[in-house]
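This report describes the fold and selected residues of one protein chain.

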Amino acid sequence: DRSESYAPVIAAAVALLDRLPDENESDARKGLRQLQRSLEGVVATDYFPGPSKAEGERAMTVVAAAYNRKFSPGEPEAVASPIPRLNPKEYQGRQWATREHLWVDRVASAWLIRRFIDPRARFLWMKNPQDCPKYALGFDFDGAAFTHVEERVTFQVLMASFGLEGDTGLDRLGNLVHYLDVGGVPVAEAAGFETILQGIRTGSKDDDAFLTEVSVVLDHLHAAYSRKKAAD
C-alpha cells in the first residue's frame, strides 16, 4: 500500500502552486519536472492504486494547468476526433500559424512541417490565436487545423495526419515532445534537451532565430534516434 507515499508529492504540488506567481519560468519548469518525476516514482511501485493515486494525479494536473496559464497562455485542450490522412502535395508553400514565444511542441511542430511536410512553409507567430488569418494553417492552439487530439500532442497529430508514423526517429522525437509538453512516459534525453532549448531561447532575438537554432538540434536528434534503431 503506497497511499502514504503520495502525501509528500501532494504537499510539494501545493507548495509549488503557492509560489508559482513569484517564480520565473526556468525555476517553475524545474519544479514542475521534479514534481512529475516524484509522482512517477510512486506510481511505478504502486501495484494496487487507490484514491491517493488519483489525488496525486489531480494535484499534478492543477499545477501543470497553472504553469501553462502563466508561462504558455493559450495552451490547447485536447479534443476527441478522428485524424484524417492528408496528402502533403496539397500543403506546399503554405502559411502556417501558431502562438508566439515558441516552446517544445510548437517549435518541434514547426521543424516537422518545414523538414517533412512543407519545405517552403512560411510561419506566422501570433500574439492572439483568434487573429489567425483564414488562409493560414493554424497549429497548437484551440480551434487550429492541427492541435492536441486525445493523447497526442500537436507534433504527433501532424505525424499521423501526413503519414509520418513509422519513422523511428520521428516516433522517438514524438515521445520526447509529448513528455515535455504534457507528461507521460519519461524520456532520458528530456532534461538535456530542455536545457538546450533554454540556452537557445536566451540567445535568440526572436522566434524565427529560435526555430533556426533548434532545427539544427532536432536534425541531429532525429539522425541519432534513427541510427540507434538501425544499430539495434
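## Basis and terms

Axes are lines fitted to C-alpha atoms, for helices over the stretch in contact, and angles run from 0 to 180 degrees between N-to-C directions. Helices (H or I, at least four residues) and strands (E, at least two) are DSSP runs, numbered from the N terminus.

The model is predicted: local features need pLDDT of at least 70, and side-chain atom pairs count only at pLDDT 80 or more, while totals for chains, interfaces and linings use all residues. Residues are numbered from 1 along each chain as its sequence is written, and side-chain values use heavy atoms, with hydrogens and water left out.

## Helix packing

Helix α6 (residues 168-182) packs against helix α7 (residues 190-203) at an angle of about 75°, and their axes are 10 Å apart. That makes α6 roughly perpendicular to α7; angles of 65 to 115 degrees count as such, those under 35 as roughly parallel, those over 145 as roughly antiparallel and the rest as oblique. On the α6 side the contact (heavy atoms within 4.5 Å) is made by Leu-176, Tyr-179 and Leu-180, which meet Ala-190, Phe-193 and Glu-194 of α7. By class, this contact of α6 with α7 has five nonpolar residues, no polar ones and one charged. Here Ala, Val, Leu, Ile, Met, Phe, Trp, Tyr, Cys and Pro count as nonpolar, Asp, Glu, Lys and Arg as charged, and the others, Gly among them, as polar.

For α4 and α5, the packing angle is about 20° and the axes are 8 Å apart. That makes α4 roughly parallel to α5. From α4, the residues Asp-105, Ala-108, Ser-109, Trp-111, Leu-112, Ile-113 and Ile-117 meet Thr-154, Phe-155, Leu-158 and Met-159 in α5. The contact of α4 with α5 divides into eight nonpolar, two polar and one charged residues.

## The sheet

Three strands form an open sheet in the order β2-β1-β3, with parallel pairing; two strands pair if DSSP finds at least two bridges between them. The edges are β2 (122-126) and β3 (137-138), each with a single partner strand, so one side of each has no neighbour in the sheet.

Strand β1 (residues 95-99) and β2 run parallel and are joined by five bridges. Thr-98 has Trp-125 in β2 as its bridge partner. Helix α4 (residues 104-117) packs on the sheet and touches β1 and β2, with its direction at about 165° to that of β2.

## Nonpolar cores

A nonpolar core is a set of buried Ala, Val, Leu, Ile, Met, Phe, Trp, Tyr and Cys residues joined through side-chain atoms within 4.5 Å. Buried means under 20% relative accessible area, exposed over 50% and partly exposed in between (1.4 Å probe, protein chains only). The largest core has 42 residues, and Trp-96, Leu-112, Phe-123, Phe-155, Leu-173 and Leu-176 have the most contacts inside it. At least two residues of this core come from each of α4, β2, α5 (154-161), α6, α7 and α8 (207-231). The largest share, eight residues, is supplied by α4.

Not counting residues up to four places away in sequence, Phe-155 touches Asp-105, Ala-108, Ser-109, Trp-111, Leu-112, Leu-170, Leu-173, Gly-174 and Val-177. A second, separate core has 17 residues, including Tyr-6, Leu-16, Leu-32 and Met-60.

## Selected positions

His-222 is found in helix α8 and is buried, with a relative accessible area of 10%. Beyond residues up to four places away in sequence, His-222 touches Trp-111, Arg-115, Phe-116, Asp-167, Gly-169, Leu-170 and Leu-173.

Helix α3 (residues 51-71) contains Asn-68, and Lys-70 also lies in α3. Asn-68 is partly exposed at 21% relative accessibility; Lys-70 is partly exposed with a relative accessible area of 36%. Leaving aside neighbours within four places in sequence, Asn-68 is in contact with Pro-73 and Glu-75, and Lys-70 with Leu-20, Pro-21, Asp-22 and Glu-23.

## Positive phi values

The loop between β3 and α5 holds Asp-140 and Glu-150. Asp-140 has phi near 65°, a positive value in a residue other than glycine, and is buried at 1% relative accessible area. Glu-150, likewise not a glycine, has a positive phi near 50° and is partly exposed at 48% relative accessibility.
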